[in-house]
Amino acid sequence: MKLGVFIAAAIERQARFVDELTFGQLPDHAIRAAKTILLDSIGCMAAGSNQLKTSYINGISRHGNSKIIGTSESCSPEWAAFMNGCNLVATELDEGNQYAKGHPAAHFLPALLAEAQILGCSGKEFLTAFVAAYEIAVRWGSAVTLAPSVHPHGNWGTASAAAAVAKLRGAGSEKLQEIIYVSSSLPMTSAWNSALNGANVRNAYIGASNMLGWMAPAMAELGIASDSSVLSQLYGEILGRELKVPLLQEGLGEQFYIESNYMKIHACCRFGHGAIDAVIAMREDGIKLGSVERVSVETYGAASRLVNPLPVNPLAAKFSIPFSLAILLSRGSIGEDQFTPETVADPEIRQRAARVAVSEDPLLTALLPDERATRVTLYLPDGTSRTKEIRAALGEFSNPLEAEQLAQKFHTLSSPVWDRERRERIHAVAMNIEQIEDIGRFTDLLVNETG
């Protein structure tokens with residue numbers, strides 16, 4: 001009974017935070033972070049827009065003008081939220097937050113964009129809902145300790161999508177509580193094996209979570225309800241091993257976790273970025289990567305699971321530290337263009353991956369969540385070895401990317417979809433989005449008229 005009371009108090013606090021937050025209350029750093037994440041996410045959606053049969057959407061969703069970003073298609077808002085959610089995470093380059101133990105923006109931005117287009121809200125309203133949703137997502141992500149077999153896509157973040165949509169609709173604190181209860185009671189049963197084995201249902205977890213988040217306010221109006229006991233069981237017994245209730249409201253309105261997110265530069269699971277950065281650093285110190293005979297990676301517990309040296313497809317390769325490092329050792333780069341079926345089948349890379357050993361160092365695991373540290377040892381033909389430890393991968397908030405690097409990432413990801421002039425316009429509007437009166441002016445830029 002006590003736990004239920006604490007959960008109820010935390011959700012009441014979340015609802016008040018979302019309801020009361022105004023643009024004028026947002027710190028400048030939080031506004032800048034939101035705009036940067038928005039631009040980065042648009043680039044990721046554009047890059048992922050060719051991975052699903054987008055033209056089919058008109059067969060199941062004939063009504064609606066919500067844009068599927070990077071395409072010529074429009075559809076109903078719930079399906080736009082689904083499609084853009086799938087596409088956002090398809091490249092494994094979307095932002096994340098180590099305190100949330102996953103990807104906050106991916107859980108709500110597609111739903112927020114779909115709703116914002118319908119309402120024609122202002123840039124300031126959009127950014128306020130964005131930051132509110134991000135803070136709710138991080139609180140749920142930090143409070144929930146998922147079971148080891150559950151992937152952190154589509155479960156703890158659904159409430160943030162619902163909160164974003166409800167915020168734009170002007171739902172008050174009382175109604176927001178109902179909506180958070182309902183939406184947080186609809187998590188995906190997301191399996192880690194979907195990522196490890198290359199099943200792209202892993203991307204659909206995010207898409208479906210955004211779809212459900214967009215629908216949750218209407219569910220609450222229909223009379224669908226949930227309660228604290230449901231949440232306690234879902235996140236403390238079924239999908240999770242513990243629900244740390246105090247973290248659901250810790251620092252709301254005072255500490256903005258959006259300021260401590262990370263941005264990704266390598267097109268693979270974040271758990272492998274420390275190892276990649278260590279190898280790159282040793283290359284810069286003069287090590288010839290092509291001559292490396294074998295590799296030892298010591299890392300934290302969650303990362304030590306990414307060990308399959310023989311992935312079946314590019315998605316599975318992104319979740320293999322041995323294979324990601326083998327690509328880097330063989331080809332010298334680790335961009336999205338390296339994760340192809342041809343690369344997966346390359347016998348040289350597969351042989352190199354078999355010579356990469358990954359193990360957990362409990363001392364590195366103990367540093368979480370503040371540090372995601374990795375130690376890499378390269379063994380050389382002359383019998384010597386070189387070791388490098390990375391405490392903060394490139395892109396962490398303590399080791400951030402420069403604005404120029406983030407801009408280049410956006411241009412690289414979206415160049416197959418938009419020409420240079422269009423990309424520069426999107427960049428300019430995104431980084432000044434608080435100045436526009438109708439978010440539709442922005443989303444109109446995000447189509448691809450050529451299909």
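Colleague: What makes α7 "mostly covered"?

Modeller: Eleven of the twelve residues of α7 are buried. Buried means under 20% relative accessible area, exposed means over 50%, and partly exposed lies in between (1.4 Å probe, protein chains only). The buried ones include Thr-158, Ser-160, Val-165, Lys-167 and Leu-168.

Colleague: What am I looking at, and how are residues counted?

Modeller: This is a predicted model: local features need pLDDT of at least 70, side-chain atom pairs count only at pLDDT 80 or more, while totals for chains, interfaces and linings use all residues. Residues are numbered from 1 along each chain as its sequence is written, and side-chain values use heavy atoms, with hydrogens and water left out.

Colleague: What do the buried residues of α7 pack against?

Modeller: They pack against α1, α5 (104-119), α6, α8 and α10 (201-222). Contact means heavy atoms within 4.5 Å. Helices are DSSP runs of H or I, at least four residues; strands are runs of E, at least two; both are numbered from the N terminus.

Colleague: Why does Ser-184 count as buried?

Modeller: Its relative accessibility is 1%, so Ser-184 falls in the buried class. Ser-184 is found in helix α8 (residues 173-184). Leaving out residues up to four places away in sequence, Ser-184 touches Trp-140, Ala-159, Leu-231, Leu-234 and Tyr-235.

Colleague: What describes a pair of aromatic rings?

Modeller: Two values: the distance of the centres and the angle of the planes. Rings of Phe, Tyr and Trp (its six-membered ring) pair if their centres lie within 6.5 Å; planes under 30 degrees apart count as stacked, over 60 as edge-to-face and the rest as tilted. By this rule the count comes to ten aromatic pairs.

Colleague: Why is the pair of Trp-140 and Tyr-235 called tilted?

Modeller: The ring centres are 5.7 Å apart and the planes stand at 50°, so this pair is tilted. Trp-140 lies in helix α6 (residues 123-143) and Tyr-235 in helix α11 (residues 228-238), so the pair ties together parts 95 residues apart in sequence. Trp-140 is buried at 0% relative accessibility. Tyr-235 is buried as well, at 1%.

Colleague: What makes the pair of Phe-271 and Tyr-300 edge-to-face?

Modeller: Their planes are at 85° and their centres 5.8 Å apart, so the pair is edge-to-face. Phe-271 sits in the loop between β4 (240-243) and α12 (273-284), and Tyr-300 in the loop between β5 (294-299) and α13 (314-318), so the pair ties together parts 29 residues apart in sequence. Phe-271 is buried at 15%. Tyr-300 is buried at 1%.

Colleague: Which residues do ring pairs link into a cluster?

Modeller: Phe-108, Phe-126, Phe-130 and Tyr-134.

Colleague: How do you know that the charged end of Lys-318 sits over the ring of Phe-339?

Modeller: The rule asks for NZ of Lys or CZ of Arg within 6 Å of the ring centre and within 35 degrees of the ring normal. The charged end of Lys-318 is 4.7 Å from the centre of the Phe-339 ring. Arg-169 lies over the face of Trp-214, at 5.4 Å from the ring centre.

Colleague: Why is Asp-337 called exposed?

Modeller: Its relative accessible area is 59%, so Asp-337 counts as exposed. Asp-337 has its place in the loop between α14 (321-331) and α15 (341-345).

Colleague: How many cavities of 30 Å³ or more does the structure hold?

Modeller: One. On a 1 Å grid over the protein atoms alone, a cavity is a set of points where a 1.4 Å probe fits but cannot get out; a pocket is an open set with protein on both sides within 12 Å along at least five of seven lines; lining residues have an atom within 4 Å of a point. The largest cavity has a volume of about 40 Å³. Its lining includes Glu-293, Arg-294, Arg-352 and Arg-355.

Colleague: How much space lies in the largest pocket?

Modeller: About 790 Å³. Of its 37 lining residues, the closest to its centre are Lys-101, Pro-152, Phe-271, Ala-302 and Arg-372. A volume is the space filled by probe spheres set on grid points, which are joined across faces, edges and corners.
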